[in-house]
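Visitor: Hi! Could you walk me through this one while I look at it?
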Amino acid sequence: MKTTSFRRQVTSVRASSRTRSQVPLHGNGNAPSNGKKPGVRPQITAWLKRPKHNLIAGQWVPACSGKLFDVLNPADTFLLSRVPDSGREDIDRAVKAARKAFESSPWRRMTPSERGKLLWRVGDLILKNADEFAELESLDNGKPRAVARVADVPLAADLFHYMAGWATKVEGNTIPISVPYAPGARFHAFTLREPAGVVGQIIPWNFPLLMAAWKLGPALTTGNCVVLKPAEQTPLSALRLGEILLEAGVPEGVVNIVTGFGETAGAALAAHPDVDKVAFTGSTEVGRLIVRAAGGNLKKVTLELGGKSPNIVFKDAGDLEATIRGAANAIFFNHGQCCCAGSRLLVEQPIFDKVVEGVAGHAKKIKIGPGLSEDTQMGPLVSEEQLMRVTQFLSQGKADGACYVTGGNRSGDHGYFVQPTVATNVEPKMSIVREEIFGPVVVAEPFSKVEDLVSRANATEYGLAAGIWTQDIGKAHRIAAELRAGTVWINCYNVFDAALPFGGYKQSGWGREMGHEVLEHYTETKAVVIGL
Ligand code: NAI
Ligand code: MG
């Protein structure tokens, strides 16, 4: 496979004195493949070989410790690159740079219109480099390049374009006030919407570039300065985005990008006393740690966390083929590594067998392989840790009595591939029904009483998303109103747009991403009162 020569090229990247990878660089290129050879563009190979640094105060600098860690290709576990293994000191330098840029830099003097144009340029530059971004994302995360090219990358560009428009539209109000204890006095009162300040952003690995865009777009359009920490599994597209931001003209210190692990760099950012707000996407478990860490200086917190989303199929769903396709896409898109994955399929009894069979049929047909192979439809999971996590859920499910209509195991023995899986015969208490698996695993349950349906659908600590498939528009609206979820998709699933707010009820998070709602979370409101 071409990947082998690619490995030879990139392993000449200078080794660090210490790496933190748990995974030996032992891949032999035998990841499941469908025959077509993946190719890596020469400019990507060259980019991967260049030493990787943090972006701090407009400069590319190594970690203070000089340490690096390995970034692996999850399709074959070969080394892709090495990036700074940053810690508290690096975060501190980045926060200082952000604070300086926030207090005294061209950024503060920039007009909203100029800021908007700058963000628009970022969107344009992402599109200009779309093929490269898609390839990098595929190598780093494992997702099919073709998917990254039509989904992750254009959505990231669109987010910047959308947010560019808001730069000139974040407004306060004029407010008539009465002040009962000052009879006869007159005032002019209004509000200003000001940037929150220095923002720490910690993002996950499932949509690395897109998550960076979701975080940076609203922060920048409202005039904040940022320290961004990408996930340790997938830091590459954020570093490339850093280059794009500089090319677009983002002033030094406005965006700082620091790579590192969660418990070191991430924890230091969440706890930093000079960070005004932290925005996090990831596990609910770490979300709780972020809240605790933020308590030190009571920084503002927004969280986008896990999910166990119900996807409800009624017997009057209409076009059953389209519904089955939709239900399969709801769970298998991005290998199930979506916080909003439709991982609990609730199907009305009379069509249960047919829907399960249909979704299992789709699962069986999915072509598994390295993301760079043209006909790959599902790549590997992102890491060995995720492979272990997902396969442990599968073993536990089996032990608990679940029946796997299809799948249920790892796929192949190299790379982090898992078979798309459909489970039936499940009980509410089973871990595969209750917990977020974050892999291509759906549990299917029949329902017969519509009266119980809503409480069953809501019987989860999460509340991120839900799906409803029916031709009865009244029923669809009634159920949608009763579901405790931040997004409800009716006769569709996984429909995202920069203009639509996204986020969770219950333990799926605090606040919303995207839309104009997110701007609230990146601004402070200042009330100004003038005695006349
Ligand atoms: P994680 O929550 O540990 O990692 C997400 C981000 O948080 C990464 O950038 C990581 O470096 C950082 N982080 C980790 N520990 C931290 C700490 N103590 N302080 C500050 N930052 C920290 O998620 P992980 O371990 O990669 O995945 C575990 C599970 O989390 C997945 O199986 C999935 O269920 C869930 N998850 C949910 C995501 C979502 O989109 N809501 C995304 C990724 C994971
Ligand atoms: Mg973790």
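Visitor: Let's start with Glu513 and Lys215: buried or exposed?
Guide: Glu513 is buried, and Lys215 is buried as well. Buried means under 20% relative accessible area, exposed over 50%, and partly exposed in between, using a 1.4 Å probe and protein chains only.

Visitor: What do Glu513 and Lys215 form, and how far apart are the closest N and O atoms?
Guide: They form a salt bridge, with the closest N and O atoms 2.5 Å apart. The term stands for a side-chain nitrogen of Lys or Arg within 4 Å of a carboxyl oxygen of Asp or Glu.

Visitor: Where in the chain do the two sit?
Guide: In distant parts, 298 residues apart: Glu513 is in the loop between strand E18 (509-510) and helix H18 (517-520), and Lys215 is in helix H8 (residues 208-221). Helices (H or I, at least four residues) and strands (E, at least two) are DSSP runs, numbered from the N terminus.

Visitor: Before we go on, what should I know about the model and the numbering?
Guide: This is a predicted model, where local features need pLDDT of at least 70 and side-chain atom pairs count only at pLDDT 80 or more, while totals for chains, interfaces and linings use all residues. Residues are numbered from 1 along each chain as its sequence is written, chains are lettered from A and ligands numbered from 1 in the order in which they are written, and side-chain values use heavy atoms, with hydrogens and water left out.

Visitor: Thanks! How many salt bridges are there in the whole structure?
Guide: The search finds 19. One of them joins Asp152 to Lys143, at 2.5 Å between the closest N and O atoms, and both of those residues are buried. Another joins the side chains of Asp92 and Lys96 (2.7 Å, N to O).

Visitor: Where do Asp92 and Lys96 lie?
Guide: Both are in helix H3, 4 residues apart, about one turn of the helix. Asp92 counts as partly exposed because its relative accessibility is 26%, whereas Lys96 is exposed at 54%.

Visitor: Which residues are joined into a network by shared partners?
Guide: Arg41, Glu135, Arg145 and Glu374 are, through salt bridges that share partners. Arg145 itself belongs to helix H7 (residues 145-166), and with a relative accessible area of 14% it is buried.

Visitor: What does Arg145 touch?
Guide: Beyond residues up to four places away in sequence, Arg145 touches Gly39, Ala134, Glu135, Ser138, Gly371, Leu372 and Glu374. Contact here means heavy atoms within 4.5 Å. The Arg145 side chain also reaches the backbone oxygen of Gly39 at 3.4 Å.

Visitor: New topic, the open sheet. What is the strand order?
Guide: The 7 strands run E13-E14-E15-E12-E11-E16-E17, with mixed pairing. Two strands pair if DSSP finds at least two bridges between them.

Visitor: And which strands stand at the edges?
Guide: Strand E13 (403-406) and strand E17 (487-490); each has a single partner strand, so one side of each is left without a neighbour in the sheet.

Visitor: How do E16 and E17 pair?
Guide: They are parallel, with 4 bridges. Gly467 stands opposite Trp489 in E17.

Visitor: What about E14 and E15, how many bridges join them?
Guide: Strand E14 (residues 421-424) and strand E15 (residues 441-447) run parallel and are joined by 3 bridges. Ala423 has Val443 in E15 as its bridge partner.

Visitor: Now Thr470: where does it lie?
Guide: Thr470 is in the loop between E16 and helix H17 (473-482), and it counts as buried at 2% relative accessibility. Its contacts, leaving aside neighbours within four places in sequence, include Phe314, Asp316 and Asn491.

Visitor: Last one: how many disulfides?
Guide: With a disulfide taken as a pair of cysteine sulfur atoms within 2.5 Å, the count is 0. For Cys338, the nearest cysteine sulfur is that of Cys340, 5.1 Å away. Cys338 is buried at 4% relative accessibility, while Cys403 is partly exposed at 36%.

Methods: Polar contact = N/O pair within 3.5 Å; in protein donor to acceptor, adjacent residues only side chain to side chain.
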